[in-house]
Amino acid sequence: MLFDGVWFRYARRAPWALREAAATVEPGQTVVVLGANGAGKSTLLQLAAGVLRPVRGTVRARPAVVGWVPERFPADQPFTAIGYLRAMAGLRHAPATAAAHWVDRLGLTPHADTPLNALSKGTAQKVGLAQALLVRPGLLVLDEPWEGLDAQARTLVPEIVAEVTASGGAVLVSDHRGEITGLPDTTHWTVAAGALQLGSAPPPVAAPPPDRRPAGPDEVVVEIAVPRTEADATVVQLIASGHRILRVREPDGVRPERLTAHQEEAR
Ligand SMILES: Nc1ncnc2c1ncn2[C@@H]1O[C@H](COP(=O)(O)OP(=O)(O)OP(=O)(O)O)[C@@H](O)[C@H]1O
């Protein structure tokens with residue numbers, strides 16, 4: 001599949017959400033799309049899936065079967081989980097066992113008869129994932145597939161991606177938090193302010209230094225624990241939300257040399 005000079009904006013006078021994107025996706029390839037909030041990842045993925053059409057340029061040679069998993073599954077539909085998947089399976093001429101297979105595989109059995117709009121966000125996301133897999137896709141497009149999923153379901157994502165690519169399908173997956181660790185042989189693309197860069201490593205998140213002033217009488221200190229890989233990004237987010245970072249530290253009893261250079265400086 002080829003992005004041939006693709007430009008997109010959401011309204012006539014709106015700023016370009018994607019500018020002159022040029023890229024190729026080969027069969028069997030996994031492309032991880034990185035970038036900050038609002039950079040244009042979802043826009044790019046929707047153009048790949050054919051959900052949006054380019055304003056300029058074209059997307060060529062899109063595989064016939066596209067599985068599209070949006071960032072938020074639209075759960076406001078008058079179906080139960082299994083009813084929805086059976087209806088989708090019928091529309092797409094999927095194998096008769098497809099809906100039941102994915103309900104079982106994604107751990108949806110206890111929720112099969114629950115109306116979609118009564119499902120938790122994570123369970124609804126699993127239904128969104130299941131519908132994209134009813135017919136094995138030549139292109140699977142996953143927009144932040146980890147959002148809201150429980151630990152068990154998260155481990156299934158790399159497994160499913162590997163199965164799709166092993167059968168010659170291509171996968172495009174966005175990951176604004178840099179969560180992807182379990183996917184082998186991936187190509188990285190980075191979107192920054194609507195510009196697509198190919199083959200670049202995840203951009204480093206440079207966290208500003210801590211604010212050394214002690215907490216004042218009208219403040220409280222809230223301690224949080226985050227995954228080591230998300231520490232810098234969390235510091236940036238908290239500061240952007242108007243909070244002060246007093247320090248970043250290792251958990252009690254953990255040797256300090258495991259801190260990154262930045263975290264060491266922030267102690
Ligand atoms: N439906 C829409 N109507 C108008 N503007 C939109 C719409 N969807 C996205 N945009 C704008 O297009 C730009 C790119 O948004 P996009 O959702 O592609 O970013 P993203 O990288 O996927 O962000 P996030 O990680 O927050 O999902 C942003 O400026 C956003 O505000």
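This is a predicted model: local features need pLDDT of at least 70, side-chain atom pairs count only at pLDDT 80 or more; totals for chains, interfaces and linings use all residues.

**The whole chain**

Displayed as a cartoon, the chain has seven helices and nine strands. Of its 267 residues, 33% count as buried. Among contacts with a separation of 6 or more, 70% are between residues 24 or more positions apart.

**The ligand and its surroundings**

Next, select the ligand. Which residues are around it? They are Tyr10, Ala17, Gly35, Asn37, Gly38, Ala39, Gly40, Lys41, Ser42, Thr43, Glu71 and His176. By class, this shell divides into three nonpolar, seven polar and two charged residues.

Within this shell, select Lys41, one of the residues around the ligand. Its place is in helix α1, residues 41–49. Is Lys41 buried or exposed? Lys41 counts as buried because it has 26 C-beta neighbours inside 10 Å. Leaving out residues up to four places away in sequence, Lys41 touches Val33, Gly35, Ser174, His176 and Val191. Two of these, Gly35 and His176, are also listed around the ligand. For a distance across the model, select Lys41 and Thr234: they are 193 residues apart in sequence, and their C-alpha atoms are 20 Å apart in space.

Now turn to the interior. In soluble globular proteins, nonpolar side chains tend to be buried together. The largest nonpolar core here has 58 residues, of which Val33, Leu85 and Val141 touch the most other members. Helix α4 gives the most to this core, with six residues.

Select Val141 and display its surroundings. Apart from its neighbours within four places in sequence, Val141 is in contact with Leu45, Ala48, Ala49, Val66, Gly67, Trp68, Val69 and Leu172.

Select Thr80, in the loop between β5 (66–69) and α2 (81–91). Thr80 counts as partly exposed because 17 C-beta neighbours lie inside 10 Å. Beyond residues up to four places away in sequence, Thr80 touches Ala112, Asp113, Thr114 and Pro115. From Thr80 to Ala170, 90 residues away in sequence, the C-alpha distance is 30 Å.

Continue into α2, where Ala81, Tyr84, Leu85 and Ala89 are buried. These residues are on the same side of α2, because they cover an arc of only 135 degrees around the axis. Their cover includes α3 (98–105) and α4. After α2 comes His93, whose phi is positive, near 55 degrees.

**Helix α5**

Select residues 151–166, which form helix α5. Gly168 follows α5 and has a positive phi, near 95 degrees.

Most residues other than glycine have a negative phi. The next two selections have positive values.

First, select Ala61, in the loop between β4 and β5. Its phi is near 55 degrees. Ala61 is exposed, because it has 10 other C-beta atoms within 10 Å.

Then select Glu144, in the loop between β6 and α5. Glu144 has a phi of about 50 degrees. Glu144 is buried, because it has 22 other C-beta atoms within 10 Å.

**Final stop: Pro63**

Return to the loop between β4 (56–60) and β5, and select Pro63. With 16 C-beta neighbours inside 10 Å, Pro63 counts as partly exposed. Which residues does Pro63 touch, not counting those up to four places away in sequence? They are Met1, Gly138 and Leu139. To end the tour, display the distance from Pro63 to Met1: these residues are 62 apart along the chain, and their C-alpha atoms are separated by 7.3 Å.

Definitions and conventions. Residues are numbered from 1 along each chain as its sequence is written. A residue is near a molecule or strand if its C-beta atom, placed from the backbone, lies within 6 Å of it. Ala, Val, Leu, Ile, Met, Phe, Trp, Tyr, Cys and Pro count as nonpolar, Asp, Glu, Lys and Arg as charged, and the others, Gly among them, as polar. Helices (H or I, at least four residues) and strands (E, at least two) are DSSP runs, numbered from the N terminus. The expected span of a helix is 1.5 Å times one less than its number of residues. A residue is buried if 20 or more other C-beta atoms lie within 10 Å of its own, exposed if 12 or fewer, and partly exposed in between; C-beta atoms are placed from the backbone. Two residues are in contact if their C-beta atoms, placed from the backbone, lie within 7 Å. A nonpolar core is a set of buried Ala, Val, Leu, Ile, Met, Phe, Trp, Tyr and Cys residues joined through C-beta atoms within 7 Å. The arc is that of the directions from the helix axis to the C-beta atoms.
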